[in-house]
Amino acid sequence: KKYQETQTKCYGSGNPAALKLVWTYNSTKYTLTPSTAGMTLTPPETSNQPEVSWDSQSHKFYHFLMVDPDAPTPQNSTKSDILHCMILNIEGGSNSIYSGDQKEPYMGPAPPAGSDPHHYCQFMFVTDVEITYATPPDRYNFNTTAFEVMINATQGGGVDGSTYFMAQQLDS
């Protein structure tokens, strides 16, 4: 596993089919899987919501998170984690994460100008049962660790696949 140095650890786990994200920008496709964790993508390349595929089993429920643990900067992460996407209770066998309960719709990366690169972590969690989770009051200071603890304490709960990419503002 590849780890980085913030409170929420971004890493690549699972086989390439465990979690695959594809962003399309200017007719070009950008693909991220656990085995390509840590690649650099730009905010424009990841501005549109991605197509997400994963190893989905019927009779299971999947929960997708994307967070930025480096906000506003990696050296001063007072607003982390920023929740960039939270979709819960995606039924196993579904072909789209967007069929789940969208607590926070996809929001592309927007690291501040001058900041070091930010990590953008994607997690696909799995449980045997639906979960109940209130919509967070806002996207800032989301506790990814507490969410993962809750998932792990749920019947059949765990991380099914994970990956991350790095992004920073381009010089104008």
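Residues are numbered from 1 along each chain as its sequence is written, and side-chain values use heavy atoms, with hydrogens and water left out. As the model is a predicted one, local features need pLDDT of at least 70 and side-chain atom pairs count only at pLDDT 80 or more, while totals for chains, interfaces and linings use all residues.

What flanks S8? Strands of a sheet pair through backbone hydrogen bonds, either parallel or antiparallel. Two strands are taken to pair if DSSP finds at least two bridges between them. Strand S5 (residues 61–68) pairs with S8 in the antiparallel sense over 7 bridges, and Val67 has Cys121 in S8 as its bridge partner. S8 and S9 also run antiparallel, joined by 9 bridges, and here Tyr120 stands opposite Phe165 in S9.

Phe165 leads on to the aromatic rings. Across the whole structure, a search turns up 9 aromatic pairs. Rings of Phe, Tyr and Trp (its six-membered ring) pair if their centres lie within 6.5 Å; planes under 30 degrees apart count as stacked, over 60 as edge-to-face and the rest as tilted. Trp23 and Phe165 make an edge-to-face pair, because their ring centres are 5.2 Å apart and their planes stand at 75°. This pair links distant parts of the chain, with Trp23 in strand S1 (residues 20–25) and Phe165 in strand S9 (residues 158–167), 142 residues apart. Trp23 counts as buried at 0% relative accessibility, and Phe165 is buried with a relative accessible area of 0%. Phe142 and Phe147 form a tilted pair, since their ring centres are 6.1 Å apart and their planes are at 50°. Both of these Phe residues are buried. Ring pairs also join Phe142 and Phe147 into a cluster with Tyr11, Phe123, Phe125 and Tyr133. Another ring, that of Tyr140, has the charged end of Lys79 sitting over it, 5.2 Å from its centre; the cut-offs for this are NZ of Lys or CZ of Arg within 6 Å of the ring centre and within 35 degrees of the ring normal.

S1 and S4 are joined by 3 bridges, and Val22 has Glu51 in S4 as its bridge partner.

Next come the cysteines. The whole-structure search finds 1 disulfide, a disulfide being a pair of cysteine sulfur atoms within 2.5 Å. Cys10 and Cys121 form it, with their sulfur atoms 1.8 Å apart. The disulfide is left-handed, because the torsion about its S-S bond is about -40°. Cys10 lies in the segment before S1 and Cys121 in strand S8, so the pair ties together parts that are 111 residues apart in sequence. Cys10 is buried, with a relative accessible area of 0%, and Cys121 counts as buried at 0% too. Cys85 has its closest cysteine sulfur in Cys121, but at 13 Å the two are too far apart for a bond. Cys85 is buried as well, with a relative accessible area of 0%.

Finally, helix H1 spans residues 144–152 and includes Val149. Val149 counts as exposed, at 52% relative accessibility. Thr144, also in helix H1, is buried with a relative accessible area of 3%. The side chains of Thr144 and Asp81 are joined by a polar contact of 2.6 Å. A polar contact is a pair of N or O atoms within 3.5 Å; within protein, one must be able to donate a hydrogen and the other to accept it, and residues adjacent in sequence count only if both atoms are side-chain atoms.

Key. Helices (H or I, at least four residues) and strands (E, at least two) are DSSP runs, numbered from the N terminus. Buried means under 20% relative accessible area, exposed over 50%, partly exposed in between (1.4 Å probe, protein chains only).
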